[in-house]
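Work through the exercises below with the sequence and the 3D structure at hand. Try each task before reading its solution.

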Amino acid sequence: MSREQLAVQRARKSFQTGKTKPLEYRVHQLKSLQRFITEKRKDIAEAVKKDLYKSEHGTELFETLGLEGEINLAVEKLAEWAAPRPVEKNLFTISDEVYIQPEPLGVVLIIGAWNYPWAVTLQPLVGAIAAGNAAVIKPSDVSPHSAKVMEELLPLYLDKDLYPVVTGGVTETQELLKQRFDHVFYTGSSTVGKLVMEAASRHLTPVTLELGGKSPCYIDKNCDLTVACRRITWGKFVNCGQTCIAPDYILCEPCIQSQVIEEIRKSIKEFYTDNPKTFEDYGRIVNQRHFKRVMALMDGSKIAIGGDSDESQYYIAPTVLQDVTGESKAMQEEIFGPVLPIISVSGVDEAIQFINEREKPLALYIFSPDNKVIRRVIAETSSGALLANDCLVHFTVSALPFGGVGNSGMGRYHGQHSFDQLSHLRSCLIKKLNMEGVNTMRYPPHTAKKLGWARFFLLKQVNLGKLRRMALLATLAALAAFVVQRFLR
């Protein structure tokens, strides 16, 4: 039996004991995860530094701070999320107990990504633990130092049978995908996402696919270009452009292209100095393969800013390409690096058309002072998320579902969305054995009269909240009448 089979088998056996059912146990595991992040902060930062050349403060800001927020929210809200959820009834079920009961799915496989090796691997784990599942954690082998720290240290804090960490590359992942899981949560590319979904389909296992795509960024010529380009520069070049929701390309009118370039140039200097290569908060491409891939995407395009590189360090300077077209190499795949193409469009009409001719992106950005323009882009496009006048920050809002649509993914997570995504929302109806006379309308023989009664009872929705308010008002009215009659006459 392979190591991967054993890990899954142990996780399922441990789950079947029922130890994850009590909310107290889940809270304990969540708090242990919080303690791991706090106590091993230095180990995490050192690993990310080796993997992606990210600074210690940058790691805390972009990797672990959001994790801590997710854990705190889950601990605070778990009882509310896990409680039965009453639903509206019809007249036929008005005396019955009708509700939705969230319950654990079972054993979840979490396949993490390398670009944010802690955030995108452990955030789904928070949801899995909160929902009462066991989870097999597979960190990316492309960020090996983070994977090693996770493998060695996480079992010191979490139940090692319920939440095993399995490391390795393609072979180990393929072996894991041969096993039966109750849900697979994958973060990564669309190409691999299709393979994950195909493997899961053999067991009819549902999947959450957090993918990516080319997230467009439209700049209205009437907006404050200094502020807009500052926010775009931050969103694009953080983590050396290796962010699934980074602005992938800019759409703007030709009359503002030169000003956009100049404002981005100023922001690059402000954020990363004249020499980003020596600046500690400017990262590196993760490995040589991705370095060569990103460099090749610049072929045939005019470089307006940057373009410098050093293969020995996997360094690519913040780069802007101008006069790019839809046929350019940079527009044939998600860039996932510090290269920002600018494409000229005649206005918002052509921008919308350009976006809609391509796959639905994970995020869509628009910078405009005009609320009508923003609302129009919302109404006439589709994307996992839409942000107006900023980049990336929707990821920080736990109340917003984070996920793609179409080629950019399926499913959602963050906050209660993670809990619901990794729960079975079980329909429950509890009926008493009395009032049998009401049921005669559904029993044979079927007649027009019975059908009429069935139509009335089944199609009439009952708003219990409204009924309760009416009953309360009636009670108050009766009380007021009694007080007037008894004391005021």
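This is a predicted model: local features need pLDDT of at least 70, side-chain atom pairs count only at pLDDT 80 or more; totals for chains, interfaces and linings use all residues.

Residues are numbered from 1 along each chain as its sequence is written, and side-chain values use heavy atoms, with hydrogens and water left out.

**Exercise 1. The whole chain**

Task: State how many helices and strands the chain has, and what share of its residues is buried.

Solution. 
- Step 1. The chain has 16 helices and 19 strands. Helices (H or I, at least four residues) and strands (E, at least two) are DSSP runs, numbered from the N terminus.
- Step 2. Of the 489 residues in the chain, 51% are buried. Buried means under 20% relative accessible area, exposed over 50%, and partly exposed in between, with a 1.4 Å probe and protein chains only.
- Step 3. Along the principal axes, the C-alpha atoms fill a box of roughly 85 × 60 × 55 Å.
- Step 4. Among contacts in the chain with a separation of 6 or more, 72% join residues 24 or more positions apart. Contact means heavy atoms within 4.5 Å.

**Exercise 2. A sheet of five strands**

Task: Give the strand order of the five-stranded open sheet and name its edge strands.

Solution. 
- Step 1. The order is β5-β4-β6-β7-β17, with mixed pairing. Two strands pair if DSSP finds at least two bridges between them.
- Step 2. The edge strands are β5 (134-138) and β17 (409-410), each of which pairs on one side only.
- Step 3. β6 (residues 183-187) runs parallel to β7 (residues 207-210), and four bridges join them.
- Step 4. β4 and β6 also pair in the parallel sense, over four bridges. Val-108 has His-183 in β6 as its bridge partner.
- Step 5. Helix α1 (residues 3-15) lies across β4 (107-111) and β5, and runs at about 160° to β5.

**Exercise 3. Strand β6 and Thr-187**

Task: Decide whether the faces of β6 are covered or open, then describe the surroundings of Thr-187.

Solution. 
- Step 1. Five of the five residues of β6 are buried.
- Step 2. On one side these are His-183, Phe-185 and Thr-187, and on the other Val-184 and Tyr-186, so both faces are covered.
- Step 3. Thr-187 belongs to β6. Thr-187 counts as buried because its relative accessibility is 9%.
- Step 4. Not counting residues up to four places away in sequence, Thr-187 touches Ile-111, Gly-112, Ala-113, Val-120 and Glu-210.

**Exercise 4. Two helix pairs**

Task: Classify the pair α2 and α4 and the pair α12 and α13 by the direction of their axes.

Solution. 
- Step 1. Two packed helices are described by the angle between their axes and the distance between the axes. Axes are lines fitted to C-alpha atoms, for helices over the stretch in contact, and angles run from 0 to 180 degrees between N-to-C directions.
- Step 2. Angles under 35 degrees count as roughly parallel, over 145 as roughly antiparallel, 65 to 115 as roughly perpendicular and the rest as oblique.
- Step 3. The axes of α2 (residues 23-39) and α4 (residues 56-82) cross at roughly 170° and come within 10 Å. α2 and α4 are therefore roughly antiparallel.
- Step 4. The residues of this contact of α2 with α4 divide into 12 nonpolar, four polar and three charged. Here Ala, Val, Leu, Ile, Met, Phe, Trp, Tyr, Cys and Pro count as nonpolar, Asp, Glu, Lys and Arg as charged, and the others, Gly among them, as polar.
- Step 5. For α12 (residues 348-356) and α13 (residues 371-380), the axes come within 11 Å and cross at roughly 25°. α12 and α13 are therefore roughly parallel.
- Step 6. Val-348, Asp-349, Ile-352 and Asn-356 of α12 make the contact with Val-373, Arg-376, Val-377 and Glu-380 of α13. These residues divide into four nonpolar, one polar and three charged.

**Exercise 5. Pro-338**

Task: Locate Pro-338 and decide whether this residue is buried or exposed.

Solution. 
- Step 1. Pro-338 lies in the loop between β13 (319-324) and β14 (339-344).
- Step 2. The relative accessible area of Pro-338 is 0%, so this residue is buried.
- Step 3. Leaving aside neighbours within four places in sequence, Pro-338 is in contact with residues including Lys-236, Phe-237, Tyr-282 and Ile-316.
- Step 4. From Pro-338 to Val-373 there are 35 residues in sequence and 28 Å in space, C-alpha to C-alpha.
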